[in-house]
Amino acid sequence: MKTIDCIKIKYSRLTKVLVAIVLLPIVSVSRAQTTAPLSGELTRPDVYRAMEKVADWQLKTPLQHQLTDWTNGALYKGMVEWAKISKSPKYYNWLYNIGEKTNWQLGKRIYHADDHAVGLMYLEMYRKYHEKKMLKPTKKRLDWIMKHPLDASIKNFSYEKGNSCTDRWSWCDALFMGPTVWATLSNVTGKKKYLNFMFKEYKATTDYLFDTNEDLFYRDDRYFNMKEANGQKIFWGRGNGWVFAGLAIIMTELPDNYKERPYFEDIFKKTAAKLATLQDSSGYWHASLLDPKSYPAPETSATAFYVYGLAWGIANGLLDKETYLPVVQKGWQALVRAVHPDGKLGWVQPIGADPKQVTSDMTEVYGVGGFLLAGSEIYRILK
């Protein structure tokens, strides 16, 4: 019996060695596939893989801001668009768990657009799961605002206590945080009253902050008379990115026959044409749109929002494909180059209100949200 047992043991070991030899090439190929550099080519597999890598890095990285913060609101919107494409349910599960933690509530400030941005994710989750708890808090907040509108001035922007200008959309970032939620709620509920309120406020802000000579938005009125080192006006890269991406989201929700739709389309086309002239040879846009030499580093949050908006414009027939697809392609390739080997997106300007210097190691959740928005829209047009 001992001889037989010894033979069995030797055979078992030999079997394991043979299996290991057979599996080694397979494991090596698998590891090579997961560690191979990302490709910026406009193919569905390449775009999918880049989004997956960035999204997975974010899921493994603890969120640094309050769950209802505007920074995360931009991330959630990008993540939910990626979740619609992904073959894995883990991204929807991640978003659902966040909604449960926040009890599907908006931020605490009643009127402040920054505290409305998370509503974009809640409404998208309601569309998927049809659970009323996902809809009610956002609807309740916006209904209350409509019944108690403010007549505060959007002029003389300031963060000082007692200044109520930020209770309206007095800075260009707000045109992403606020009106996108109003437009989406209108589409979800079928009630145009939300669109009408949104349009009135949006137009007031645009009339004030949109420079019709440059077809770009000032961040707020503090910058009207300020100049960059080269003498040009100060137009902040991400600030205009907020507006441009917001326009794409708003128009996605607008009915085709909405009487004010041409207003949004006109601003979108003018801004797109201007932005296309400001992309650098490497595919990026910079923190300062008219003085890139003072801010030579790439800036990926602005770049991501522009690529998203331009891809959306092509997909929806507002922008000429032959003219703008090369811009989108260069921009996407630039974004993919900014992804670190572990999936971290670099070159994201930190929280601010004007152009600042950026480094490769800098990242932020809204940059990831913009990256996922851009990739998702490109993925859709690559049918």
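# A tour of selected helices

Begin by selecting residues 136-147, which form helix α6, a run of 12 residues that reaches 16 Å from its first C-alpha to its last, close to the 16 Å expected at 1.5 Å a residue (the expected span is 1.5 Å times one less than the number of residues; helices are DSSP runs of H or I with at least four residues, numbered from the N terminus). The model is a predicted one, in which local features need pLDDT of at least 70 and side-chain atom pairs count only at pLDDT 80 or more, while totals for chains, interfaces and linings use all residues. Residues are numbered from 1 along each chain as its sequence is written, and side-chain values use heavy atoms, with hydrogens and water left out.

Staying on α6, colour P137, T138, R141, L142, D143 and I145, which are buried (under 20% relative accessible area, with a 1.4 Å probe and protein chains only).

Next, select Q58, which you will find in helix α2 (residues 44-60). Q58 counts as buried because its relative accessibility is 2%. Leaving out residues up to four places away in sequence, Q58 touches L63, L75, M79, V365 and V368, where contact means heavy atoms within 4.5 Å.

Now show helix α3 (residues 70-85) together with helix α4 (residues 90-102), which pack at an angle of about 145 degrees with their axes 9 Å apart (axes are lines fitted to C-alpha atoms, for helices over the stretch in contact, and angles run from 0 to 180 degrees between N-to-C directions). On the α3 side the contact is made by L75, Y76, M79, V80, W82, A83 and K84, and on the α4 side by Y91, Y92, W94, L95 and I98.

Move on to helix α10 (residues 237-253) and α12, whose axes lie 8 Å apart at an angle of about 30 degrees. These two helices are therefore roughly parallel to each other, a term used for angles under 35 degrees. Among the residues that make the contact are W242, F244 and A245 of α10 and F305, Y306 and W312 of α12.

Finish within α12 (residues 300-315) by selecting A304, which counts as buried because its relative accessibility is 0%. Where does the chain bring A304 and L335 in space? Although 31 residues separate them in sequence, their C-alpha atoms are 7.0 Å apart. Beyond its neighbours within four places in sequence, A304 is in contact with L335, G370, F371 and A374.

Key
Buried means under 20% relative accessible area, exposed over 50%, partly exposed in between (1.4 Å probe, protein chains only). Angles under 35 degrees count as roughly parallel, over 145 as roughly antiparallel, 65 to 115 as roughly perpendicular and the rest as oblique.
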